[in-house]
Amino acid sequence: MDTIHRQSSFLWEGSNLEIHLPAVLTASETGKDWTAFFDILKKNPPRTIVVHAGNLEEADSSGISFLKLIRLECEQRKIQFALYGLGEQFRYRLSVSEDDSKKNKETHSNSLRRSEKIGKLTIDSLLEFKYLITFTGELTVSFWRSFLHPSKIRWKDTFRVAESMGVNAFPIIAMIGFLLGLIMSFQSAIPMRRFGAEIFVANLVGLSLFRELGPLMTAFILSGRSGSAFAAELGTMKVSEEIDALTTMGLPPVQFLIIPRLVASLLMTPLLTIVFNLFGLIGGAVVLISFGFPLITFINQVNLAVGLSDILGGLLKSYFFGMIIASIGCYRGLKTASGAGAVGESTTSAVVGSIILVSILDGIFSVLYFYLRI
């Protein structure tokens with residue numbers, strides 16, 4: 001380790017830089033710290049910067065600005081940043097300073113001309129696309145590594161997420177499935193009664209559930225229930241700097257946090273789709289029985305209308321829907337910014353993004369199944 005400055009201590013641990021703040025950090029002490037910090041960034045940028053502020057007892061606006069500068073430089077240069085031991089009074093002043101900076105940025109953004117806004121939007125979209133591609137690649141590599149080496153998966157967390165996502169969601173899935181089957185049967189029976197074809201309500205309900213509505217409605221419910229939960233959990237961890245702590249300890253967040261949620265989603269979504277279809281058929285059977293048809297007639301009609309390809313096609317959809325729900329929820333959670341409303345924004349983005357992508361993918365599957373005559 002190499003001591004660089006006698007005020008704030010700059011210590012190297014491999015490619016990581018540790019900064020130990022002194023007890024007093026005011027304008028008379030921070031001048032040389034600023035110079036030393038920028039010299040390090042120019043000559044040998046570190047991969048991670050860890051600031052230890054446990055000894056800090058006194059700091060003026062210059063000292064708070066020094067901490068803010070370190071964090072902003074890390075964000076701009078894509079350097080991992082962690083801050084430990086900062087007192088509550090200094091943490092509050094640092095958060096207020098960052099909020100003021102955001103307000104100034106928003107004011108500046110509002111004053112931009114139309115061409116500048118278009119350029120800024122384009123750059124932000126490209127950066128978002130770059131981050132999404134990076135996340136997708138890292139998630140794919142981690143998933144296949146876990147698939148080939150199942151011992152790398154944190155199964156305890158996986159089963160915990162599966163219980164929350166699957167078992168605890170059983171009542172709402174069953175209730176909505178039953179009500180949807182009931183409503184579809186009543187609504188379709190009205191026009192079919194004119195032709196004396198009420199018996200074919202069973203065919204309509206069976207095909208609609210297994211091919212389309214079962215996987216789609218299950219995905220929508222899980223997007224609002226589990227996708228938002230993933231985004232909120234990871235977003236809270238991001239705001240409280242727990243994810244930064246994992247990175248500092250050498251634990252990859254994707255493998256440690258996202259893979260268990262992805263595996264649980266892949267396991268639970270097809271199973272919940274089956275539950276939704278089953279209770280939807282029960283709802284349809286109740287309507288047909290109320291019309292005077294025996295239960296065996298309803299079962300025979302469903303068997304005639306629904307084939308194995310319809311069941312497997314719907315389950316294949318649900319598998320990909322589960323992948324989208326978990327991926328988007330975790331992605332938005334990792335992208336959470338700092339601030340009180342950041343977690344809520346990430347949660348909303350996760351739900352909306354999941355529903356939109358699930359709908360688009362469902363349209364692609366419909367066209368594909370049509371041309372494959374499935």
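Glu233 counts as partly exposed because its relative accessibility is 33%, where partly exposed lies between buried (under 20% relative accessible area) and exposed (over 50%), using a 1.4 Å probe and protein chains only. The structure is a predicted model, in which local features need pLDDT of at least 70, side-chain atom pairs count only at pLDDT 80 or more, and totals for chains, interfaces and linings use all residues. Residues are numbered from 1 along each chain as its sequence is written, and side-chain values use heavy atoms, without hydrogens and water. The model holds nine salt bridges, each a side-chain nitrogen of Lys or Arg within 4 Å of a carboxyl oxygen of Asp or Glu.

**Glu233 and Arg261**
- Glu233 forms a salt bridge with Arg261, with 2.6 Å between the closest N and O atoms.
- This pair links helix H7, which holds Glu233, to helix H9 (residues 253-290), which holds Arg261, across 28 residues; helices are DSSP runs (H or I, at least four residues) numbered from the N terminus.
- Arg261 counts as buried because its relative accessibility is 7%.

**Glu241 and Arg71**
- A salt bridge joins the side chains of Glu241 and Arg71 at 2.9 Å, N to O.
- Glu241 lies in the loop between helix H7 (201-239) and helix H8 (242-248), and Arg71 in helix H2 (residues 61-76), 170 residues apart.
- Both Glu241 and Arg71 are buried.

**Lys317 and Asp362**
- The side chains of Lys317 and Asp362 form a salt bridge of 3.1 Å, N to O.
- Lys317 is in helix H11 (residues 308-334) and Asp362 in helix H12 (residues 342-372), so the pair ties together parts 45 residues apart in sequence.
- Lys317 is buried at 1% relative accessible area, and Asp362 is buried at 7%.

Conventions
Helix = DSSP H or I, 4+ residues; strand = E, 2+ residues; numbered from the N terminus.
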